[in-house]
Amino acid sequence: MSFSDRIAQGLESGWKVIDGATLTENHTAEADVVIVGTGAGGGTTAEILAKSGFSVILVEEGRLYYQKDFKMDELTSYANLYQEGMSRTTKDGAIAILQGRCVGGSTTVNWTSSFRTPDETLNYWGKRFGLDALSPAAMAPWFEGRETRHSMSPWNMDPNLNNDVLRQGCEKLGFSWQIIPRNVKGCWNLGYCGVGCPTNAKQGALMTTIPGALDNNASMYHGLRAERLVMNQDRIESLEATAMASDGITPTRVTVTLKAKHFVVAASAIGSPGLLLRSKLPDPYERVGKRSFIHPVNASVAQMPKLVDPFYGAPQSIYSDEFNFRNGVDGEAGYKLEVPPLHPAMSAGVVPGHGDEQAKNLAGLPWMQSVIALVRDGFHEDSPGGTVSLRADGSPMLDYPVSDYLWKGLRSAFYTMAEIQFAAGADKVRLMHLDSDWYSNWADAKAAIDRFSMEPHRVRLFTAHQMGGCAMGSNPEESVVNGFGEHHHVSNLSVHDASIFPTSIGANPQLSVYALAARNSSRLAQRLKA
Amino acid sequence: MTDPLTPSEGLDALSLDRRSFLRTGLGGALFLGTVSVTAGLSGCATAPAGRLGAVAPRMDARYQFQFLSADDIELLEALLPAILGSALPEQANNRRIAIAGTVERIDMGIHKFGPANQKELRQLFDLLNFSLTRVTIARVWPAWRDATTEQADAFLQRWRSSSIGLFNSGYMALTKISNVAFYGYQENWQLSGYPGPPDWAVKALPQFRKA
C-alpha cells in the first residue's frame, strides 16, 4: 500500500507555508489578493485566483495539521482542531458550537455530508432578498463543478447500523429517506472524519484547494490571527495580523502586515463578522453580525437490542427530509434528520449526567444509536437569528436566543426522533433534555415530551453549521454584501464564506460554501484582470 | 489570568438570568459578578497551581498546571467521585491515580479553551471556592476538602434540577469537562466498551509507525 500525503510532499517541494510561531520579527508582505481563512470558502478562492495567475496570501489563525497528526484520538483533536478547544458556546452557554480551527477549517473535521443548497432555499433567497441570480438553474453548474472537484457522490457502501436505524425507522413509518453524498476518495469506512481524516480520503479543502493554491505559488501563513483590516480613504490598504505561539492560542508579540489590491474575508460566520466589526468598516445600517443562523440541533439516543458500534463506519450516510419543507419554506420550523457518530468523549459530552447513572449510560455505548434534528432557521419572521458581537478583548461571540417558533420545531423533532427509534426496534429511548428519563415505549416517551419545559440549558442544543452575519442581498439597508459577495461599501473587499447566507441552508452547508465561493471567485478573477 | 480589578464581563453572561437571581433573593447578579473580584482581592489562590502547592503530594510532580489553582484542584477532587461514580476504580491507590490524571487532563483541556472561556470558568470556580458563595449559592457547608461524596452529589443534583438556567449551565460545565476528560482518555475507553481505532487500520497507517 502506498501513501500519497500531499501536504508532506508539498512542504518538501518548497511550498510557501509560514508557521506564525516561528516568526521572531515583525514584517510586511504584499500580494494581489489576501484571503483570511482557509476553509471551504478561503481554500476555493485561493485555488481559483492562484490558477488565474494572481499572487495570493492565505491567512489562517489555526495551525496546519495533516495526516501525521491525525491519530484517531478525540481529546487531542478536539483540543487542537476545533474552535476554543471544542468549548465554544453561544453567549449564554446554552448551545455548544462545533467549528473547525485549523488549515481547512471545518472541512477538516466535518462528517463529509455534501448537499446542494435546496431549491426551496435558493428560490426563497430570490424572492425575499433580491438574489434571483442564484436560481437553482443558475447555480447547477457551480454545484456540479464543486462535486467533481471534491469527489462528492452518494455513499456506495452499506450504511453502518447507527445510520441504518434511521433508514429502518423511516421505512416503517412511511417517511422518506435518502443516501448522503460524501466528499471522499478511497474511503476506508473507519468513522473518524470528525477528528481529522487519518487516510487522506476526505476531499476537504486540506486535500484539494489548499494544495491546489500552494502548487500555484500561493503562500500561506498559519498560526496567524487576522486582527483588523486597515482602511485608507475608501479602500482597505492592509491587514494587521498577530502571530500565535506553537500552542495555537497564546499570541506572541510579532505582528505581520499584509498589503494587497483586494481582500477576501472567509473566516466563518462567527470569525468574519468579528473581523469586520474589529476593523470598524463602514456599516451604515448596522448589518454586520446580524441574522446569524446555526441550524439548532437537538438529539435523541436509543439503546438497541443489537450491537451498533456507533463509533465505526462512515459517520453520516442516511438522512431524511420528510420534515424539512413539510410546512412550506416559510411555515412552521422544518428540520432535517441525520445521525451523529458516537465516540466516548463525544458521547460523554452530549449525553448529560453524572454518577453511577452516567457510568451506566456510557457502558451502553456499543448499543447506543442517535438521531439528530437540524432545524432550518431564518425563514420566518419569528426566526430572526442571533447576533455576533465583540467581547472586551475583541474576540467574537454569538448570542443566539431560541425563539418560541424554534422551541416548537425542536419539540416536534423530539417526537419524531423517538418515534423513529422505537419503530426501528429500540429497547429504550432517551431525549437529550435534563428532564428526560429512559423510556421503554413510544407512548411513555410521547407523554414525557408533552411535559418537557423547552428552555435554554434544559434542552441540550448543538450547532455544527454557522451561517449568516454578513448577509448578501440586493438592498444595502438589509445586507452587507451583494450577490457576488462584494462588500456594499468597500470596493476592494469580498466575503466568501457561510457568513453571506441570508438564512440557514436547510442542509449541511459545505457544498453551498464551495459553490458560491467558486462562482464569486471566478467573477472576482475577471474583475481583477479588467 | 483573570485581572481581579476589571469588572467582570461575565456580568453580561449572567444578566440573562438576572431576573431569576433577583427572585431567589440571593442578592442578584451583581453579587455574583463581584465574586471573582472579591476572591482575587482576598488573596484566594486563583493563580495556576504550577508544579507546587498544597495539593502537590497528591498530584504528579512532573505536571505543570496551566489553569487550575490549588483550590480548583481540591474542588475537583471533591466533585469527581460524585461525577464519575462507579466508573472510578475502588482500590484506593488506583482511584487516587485516576482522579489525579483526570484533573490534569481537565487542566490541559481548559488551556486550549482560550482566554474567553477560561474567564467564565474562573468565575465559576471562584464562586464555588469562595466560602460565602459556596455556602449561599452552592449550599455546600463544609470546605470542599471536607465535603463528602454525598454532599457533592446533592450539590450537583440541585444545580441540575434547578429552574435557574445559570445553575443548569454550571452543572453542565462541571460535568462535561469532567466526563470528556475521563471517558475520552485511552485508558478509560473500555468503560464505554470502545475498543479504540481498528487494529488493522493502525497497522496500515504511516502516522502510527515508529520513526
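**Domains of chain A.** With that, I found chain A divided into domain 1 (6-81 + 102-112 + 115-149 + 197-290 + 468-529) and domain 2 (161-183 + 297-376 + 403-455).

This is a predicted model, where local features need pLDDT of at least 70 and side-chain atom pairs count only at pLDDT 80 or more, while totals for chains, interfaces and linings use all residues. Residues are numbered from 1 along each chain as its sequence is written, and chains are lettered from A and ligands numbered from 1 in the order in which they are written.

Next I looked up the distance between the domain centres: taken over C-alpha atoms, the centres of domain 1 and domain 2 of chain A are 33 Å apart. How many residues does each domain bring to the contact? I got 14 residues from domain 1 of chain A and 16 residues from domain 2 of chain A. (Two residues are in contact if their C-beta atoms, placed from the backbone, lie within 7 Å.)

On the domain 1 side of chain A that touches domain 2, the elements giving two or more residues are H3 and helix H4 (119-129) of chain A. (Helices, H or I and at least four residues, and strands, E and at least two, are DSSP runs numbered from the N terminus.) H3(A) gives the most to that side, with 3 residues. By class, I noted 6 nonpolar, 5 polar and 3 charged residues on that side of domain 1 of chain A. (Ala, Val, Leu, Ile, Met, Phe, Trp, Tyr, Cys and Pro count as nonpolar, Asp, Glu, Lys and Arg as charged, and the others, Gly among them, as polar.)

**Where chain A meets chain B.** I found 49 residues of chain A in contact with 43 residues of chain B. On the chain A side, helix H3 (74-81), helix H9 (344-350) and helix H10 (355-363) each give two or more residues. Which of the elements gives the most? H10(A) does, with 6 residues. That side of chain A splits into 25 nonpolar, 13 polar and 11 charged residues.

**A helix pair in chain A.** Two packed helices are described by the angle between their axes and the distance between the axes. I looked up helix H11 (residues 404-423) and helix H12 (residues 442-451) of chain A: they pack at about 170 degrees with axes 10 Å apart. (Axes are lines fitted to C-alpha atoms, for helices over the stretch in contact, and angles run from 0 to 180 degrees between N-to-C directions.) H11(A) and H12(A) are therefore roughly antiparallel to each other. (Under 35 degrees counts as roughly parallel, over 145 as roughly antiparallel, 65 to 115 as roughly perpendicular and the rest as oblique.) Residues making this contact include A:Phe414 and A:Phe422 of H11(A) and A:Trp442 of H12(A). The tally for the contact of H11(A) with H12(A) is 7 nonpolar, no polar and 3 charged.

**Chain B.** I counted 11 helices and 0 strands here in chain B. Of its 211 residues, 46% count as buried. (Buried means 20 or more other C-beta atoms within 10 Å of the residue's own, exposed means 12 or fewer, and partly exposed is in between, with C-beta atoms placed from the backbone.)

Then I checked helix H6 (residues 92-113) of chain B against H10(B): their axes come within 9 Å and cross at roughly 110 degrees. So H6(B) and H10(B) are roughly perpendicular to each other. The residues of their contact divide into 4 nonpolar, 3 polar and 1 charged.

Is A:Ser504 buried or exposed? A:Ser504 counts as buried because it has 28 C-beta neighbours inside 10 Å. I found A:Ser504 in the loop between strand E22 (493-495) and helix H13 (510-529) of chain A. A:Ser504 and A:Thr121 are 383 residues apart along the chain, yet their C-alpha atoms are separated by 8.4 Å.

Most residues other than glycine have a negative phi. A:Glu84 is not a glycine, but has a positive phi of about 50 degrees. With 19 C-beta neighbours inside 10 Å, A:Glu84 counts as partly exposed.

A:Gln233 also has a positive phi, about 55 degrees, without being a glycine. I placed A:Gln233 in the loop between strand E9 (224-232) and strand E10 (235-244) of chain A. A:Gln233 has 5 C-beta neighbours inside 10 Å, so this residue counts as exposed.

Conventions: Domains from an automatic or database assignment.
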